[in-house]
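The sequence and the structure are shown first.

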Amino acid sequence: MTEHSVVHSTFSLERTYDRPVAQVFAAWADPIAKARWFSSPDAQHQLDFRVGGREVVSGPVLTFESWYQEIVPDQRIIYTSTLSEGNIVATVSITTVELTHVSGRTRLLLTESGAFLDSREQPNWREQGTSTWLDALGTELQGGPGS
């Protein structure tokens with residue numbers, strides 16, 4: 001019998017972007033823009049940004065798949081996700097993205113709670129990766145590479 005383990009973890013990341021809330025929200029909703037900051041060049045990206053819609057990033061080894069549970073334009077995005085290697089699930093999570101208008105800028109607060117299965121992914125890896133793509137979102141919003 002194989003030993004199985006689950007590590008539960010929650011983290012929050014905050015960013016302030018020098019752009020209006022509508023522009024930050026649009027960067028999540030537009031498939032072309034989202035692929036630039038969320039996906040890697042060697043991955044395939046699909047986005048159906050609506051409640052009940054699905055997003056998939058398929059790379060050479062891992063697949064990240066999300067289902068949008070709630071979308072409140074310019075305010076909140078909630079999705080559930082799995083990260084898998086082949087048919088083996090490494091992580092199951094729920095993520096909430098909150099957008100707040102602050103003096104012409106946008107405060108983004110992302111909170112993720114995950115179940116990390118059988119040591120296939122570690123919570124600190126996920127937090128670091130999420131932080132990296134929130135930084136890439138900032139670059140996208142500033143008209144950086146590829147935008």
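## Central strand pairings

In strand 5, Ile-77 is the bridge partner of Ile-71. This pairing belongs to a predicted model, in which strand 4 and strand 5 run antiparallel and are joined by 10 bridges. The hairpin of strand 4 and strand 5 has three residues between the strands, and Asp-74 takes a positive phi near 65 degrees there.

On its other pairing, strand 5 is joined to strand 6 by 10 bridges, again with antiparallel direction. Thr-82 stands opposite Val-92 of strand 6. The hairpin of strand 5 and strand 6 has two residues between the strands, and Gly-86 in this hairpin takes a positive phi near 65 degrees. Strand 5 is largely enclosed by the rest of the structure, because seven of its 10 residues are buried.

## Confidence of the model

The mean pLDDT of the chain is 94, and 97% of the residues reach 70 or more. Among the elements of the chain, strand 1 has the highest mean pLDDT, at 98, whereas helix 2 has the lowest, at 95. Where pLDDT is low, predicted coordinates should not be read in detail.

In general, the strands of a sheet pair through backbone hydrogen bonds, either parallel or antiparallel.

Strand 2 and strand 3 (residues 54–58) run antiparallel and are joined by four bridges, with Gln-46 opposite Val-56 of strand 3. These two strands form a hairpin with six residues between them, and Gly-52 in the turn has a positive phi of about 90 degrees.

Strand 3 in turn pairs with strand 4 over five bridges in the antiparallel sense. Val-57 stands opposite Phe-64 of strand 4, and the hairpin that joins strand 3 to strand 4 passes through three residues.

## Nonpolar core

Which residues touch the most other members of the largest nonpolar core? Among its 28 residues, they are Trp-28, Leu-108, Leu-110, Leu-134 and Leu-137. Two or more residues of this core come from each of strand 1 (6–17), helix 1 (21–29), helix 2 (31–38), strand 4 (62–72), strand 5 (76–85), strand 6 (88–102), strand 7 (105–117) and helix 3 (123–141). Helix 1 gives the most, with five residues. In soluble globular proteins, nonpolar side chains tend to be buried together.

Beyond its neighbours within four places in sequence, Leu-110 is in contact with Phe-11, Ser-12, Leu-13, Trp-28, Tyr-79, Thr-95, Thr-96, Val-97, Thr-130, Trp-133 and Leu-134.

The side chain of Glu-112 makes a polar contact of 2.3 Å with that of Arg-126 and another of 3.2 Å with that of Ser-93. Not counting residues up to four places away in sequence, Glu-112 touches Ser-9, Thr-10, Phe-11, Ser-93, Ile-94, Thr-95, Arg-126 and Thr-130.

Val-102 lies in strand 6 and counts as partly exposed because its relative accessibility is 39%. The C-alpha atoms of Val-102 and Val-72 are separated by 18 Å, and the two residues are 30 residues apart along the chain.

Methods: Residues are numbered from 1 along each chain as its sequence is written. This is a predicted model: local features need pLDDT of at least 70, side-chain atom pairs count only at pLDDT 80 or more; totals for chains, interfaces and linings use all residues. Side-chain values use heavy atoms; hydrogens and water are left out. A nonpolar core is a set of buried Ala, Val, Leu, Ile, Met, Phe, Trp, Tyr and Cys residues joined through side-chain atoms within 4.5 Å. Buried means under 20% relative accessible area, exposed over 50%, partly exposed in between (1.4 Å probe, protein chains only). Contact means heavy atoms within 4.5 Å. A polar contact is a pair of N or O atoms within 3.5 Å; within protein, one must be able to donate a hydrogen and the other to accept it, and residues adjacent in sequence count only if both atoms are side-chain atoms. Two strands pair if DSSP finds at least two bridges between them. pLDDT is the predictor's confidence in each residue, from 0 to 100.
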